[in-house]
Amino acid sequence: METALDDKHRGRLTKDGIRIYEADDFAGMHKAGELAARILDDMSDAVFPGQTTGEIDRIITDRVHAAGATSATIGYKGYQHASCISVNHVVCHGIPSEKVLKDGDILNIDVTVIVDGWFGDSSRMYVAGKLSRKAERLIQVTHDALFKGIEAVKPGNTFGDIGHAIQAYVEAHRMSVVRDFCGHGLGRVFHAPPNVLHYGRAGTGAVLEEGMFFTIEPMVNLGRPETKVLADDWTAVTRDKSLSAQFEHSVGVTATGVDIFTLSPAGKFHPTWS
Ligand code: MF3
Ligand code: CO
Ligand code: CO
């Protein structure tokens, strides 16, 4: 049977192996992205001191299934949860557990859903209780760095322009960009070319074309950029134990700029916005 394969392999590939989707495909990405964003909106009320990350993940799992969607992460390379929840110095891929959140903890919740075969991948920051000044600064710079990257998305610009915009902004604030993890193409698949680096030189890398779908998901550390993966083979932490933050949107390149698939319907993308 070739139909399933053909469906995934619609459109054409650029010389860099990046898939160019059709105008109709934007609607599918919007539906998937909106579900991921709605679930993340609902998690604002689920984050508080005393809560466990395992309970947050159970709520997310229920929301995904209640929507008739599929979690892209359950079963992905052996991962068993509907979200990654990365607390404080955890950079990404934190595994939900029965560990209890305490006042002042900051956390990233990352959700990827599949709706009608399309992948919606987004993450954002939350705080349990009171946000400290230094965590607030980190979160603001990371959020704004994502949008510096998004502003660089238009046909004719390059992936290096995106990485450069993010890196320049973060380093101007004396924070560091994680090099060990990157964004990725997505669409009918979870992870596809290109690797979307959050650092780099302007004018380098593949040229952006209308119809490319990918994530931008910078991880920013208050200290040094180096990370290590714990013995569970998933949890990535800062080597110097400094705080880390991340925001992620799934986007598409339009004729004139960018279409963000994972915008928050409730306007709650940033933890201090309600
Ligand atoms: N959602 C993550 C990303 O942004 C990937 C998580 S894979 C998992 O690409 F298996 F750790 F869940
Ligand atoms: Co992603
Ligand atoms: Co993600």
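Thr112 has a polar side-chain atom 3.2 Å from a nitrogen atom of ligand 1, a polar contact in the sense of a pair of N or O atoms within 3.5 Å.

The model is predicted, with local features needing pLDDT of at least 70 and side-chain atom pairs pLDDT 80 or more, while totals for chains, interfaces and linings use all residues. Residues are numbered from 1 along each chain as written, chains are lettered from A and ligands numbered from 1 in the order written, and side-chain values use heavy atoms, without hydrogens and water.

Around ligand 1 there are 14 residues, each with a heavy atom within 4 Å. The closest are Asp110, His184, His191, Glu217 and Glu248. By class, this shell has 5 nonpolar, 5 polar and 4 charged residues; Asp, Glu, Lys and Arg count as charged, and Gly is among the polar ones.

Two cobalt ions are also present, ligand 2 and ligand 3. Their donors are N, O and S atoms within 2.8 Å of the metal; water is not among the atoms, so sites may look incomplete.

| Cobalt ion | Coordinating residues | Distances |
|---|---|---|
| Ligand 2 | Asp121 (OD), His184 (NE2), Glu217 (OE), Glu248 (OE) | 2.0 to 2.2 Å |
| Ligand 3 | Asp110 (OD), Asp110 (OD), Asp121 (OD), Glu248 (OE) | 2.1 to 2.4 Å |

Asp121 bridges the two cobalt ions, which lie 3.3 Å apart. In sequence, the donor residues are spaced D-x62-H-x32-E-x30-E for ligand 2 and D-x10-D-x126-E for ligand 3.

The arrangement at ligand 2 is irregular because its 6 donor atoms subtend angles of 51 to 161°. Six donors count as octahedral if opposite donors are over 155 degrees apart and all others between 65 and 115. The site of ligand 3 is irregular too, with angles of 59 to 168° among its 6 donor atoms.

How values were computed
A polar contact is a pair of N or O atoms within 3.5 Å; within protein, one must be able to donate a hydrogen and the other to accept it, and residues adjacent in sequence count only if both atoms are side-chain atoms. Donors are N, O and S atoms within 2.8 Å of the metal (3.2 Å for Na, K and Ca); water is not among the atoms, so sites may look incomplete. Four donors count as tetrahedral if all angles lie between 85 and 135 degrees; four count as square planar and six as octahedral if opposite donors are over 155 degrees apart and all others between 65 and 115; anything else is irregular.
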